[in-house]
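I open this notebook to record what I looked up, entry by entry. The structure itself comes before the notes.

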Amino acid sequence: DAIAEILFGTVNPSGRLPVTFPSDTAGLPGYSGYKAKDLNIRYNEGIYVGYRHFDRANKAPLFPFGYGLSYTTFEYFDLKTMSGPNETKVSFQLKNTGKVEGEEVVQVYVKDLASTVDRPEKELKYFTRVKLKAGENKTVTFNLNNQNAYSFYDIRSEKFIIEPGEFEISIGGSSRDLKIKSKVDIKN
């Protein structure tokens, strides 16, 4: 019954991929280390696995992290951010612009715009599922914990630190479908 309801549009599929699918095997993050002639596999990718690898290599995946199909469409707009000493308040409008009810998995990514260490192009920091009726508009609000959202592990001091500066918050339906963005200034 469940498959028939999806196929005939009674129920809207809202699942999302929890991984990135490469367009070929050479696009995999560990591909270069796997072809070792001495039968030793080298894990050279470090933190650049999944969507982080595809961002760094500037390669288009077959299906990006967070990809999913739906019988409806969503519009993101009116992003507002306000950073404080411990958290960043984020809110935006999400509208179901289609003709059927559906759920959108909203993904929030953070990018350090001036890091002194090697960091990914963007890092997933928050996600939530939002259910909207056809034509419905909703304010989505959440708080990002600054320590979790902006810090990295510093191997010299052996602790997580936040470098003060500008960060970019991007929001969308997948790692390659980011609809709105805003910059925040984080002070230490």
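**Entry 1. Threonine 72.** I note at the outset that this is a predicted model. I began with the side chain of threonine 72, which reaches the backbone oxygen of valine 100 at 3.5 Å. That side chain also makes a polar contact with the side chain of asparagine 96, at 2.5 Å. I then looked up where threonine 72 lies, and found it in the loop between α3 (51–57) and β1 (74–83).

Is threonine 72 buried or exposed? I read a relative accessible area of 7% for threonine 72; the cut-off for buried is under 20%, so threonine 72 is buried. Leaving aside residues up to four places away in sequence, I listed what threonine 72 touches: Asn12, Asn96, Gly98, Lys99, Val100 and Gly102.

**Entry 2. Aromatic pairs.** How many aromatic pairs does a search of the whole structure find? The search finds eight. I examined the pair formed by tyrosine 76 and phenylalanine 92, which is stacked, with 5.7 Å centre to centre and 15 degrees between the planes. Tyrosine 76 lies in strand β1 and phenylalanine 92 in strand β2 (residues 87–96), so this pair ties together parts that are 16 residues apart in sequence. I checked the accessibility of both partners. Tyrosine 76 counts as buried at 7% relative accessibility, and phenylalanine 92 counts as buried at 1%.

Tyrosine 150 is buried, with a relative accessible area of 0%. Phenylalanine 167 likewise counts as buried, at 0% relative accessibility.

**Entry 3. An aromatic cluster.** I looked up which residues form one aromatic cluster, and recorded Phe21, Phe63 and Tyr67.

**Entry 4. Charges over rings.** What sits over the ring of tyrosine 48? I found the charged end of arginine 56 there, 4.1 Å from the centre of the ring. I also recorded lysine 122, which lies over the face of tyrosine 109 at 5.8 Å from the ring centre.

How values were computed:
Residues numbered from 1 in each chain as written. Predicted model: local features only at pLDDT ≥ 70, side-chain atom pairs only at ≥ 80, totals over all residues. Heavy atoms only, no water. Helix = DSSP H or I, 4+ residues; strand = E, 2+ residues; numbered from the N terminus. Buried < 20%, exposed > 50% of the residue type's maximum accessible area, 1.4 Å probe, protein only. Polar contact = N/O pair within 3.5 Å; in protein donor to acceptor, adjacent residues only side chain to side chain. Contact = heavy atoms within 4.5 Å. Phe/Tyr/Trp six-rings, centres within 6.5 Å; stacked < 30°, edge-to-face > 60°. Lys NZ or Arg CZ within 6 Å of the ring centre and 35° of its normal.
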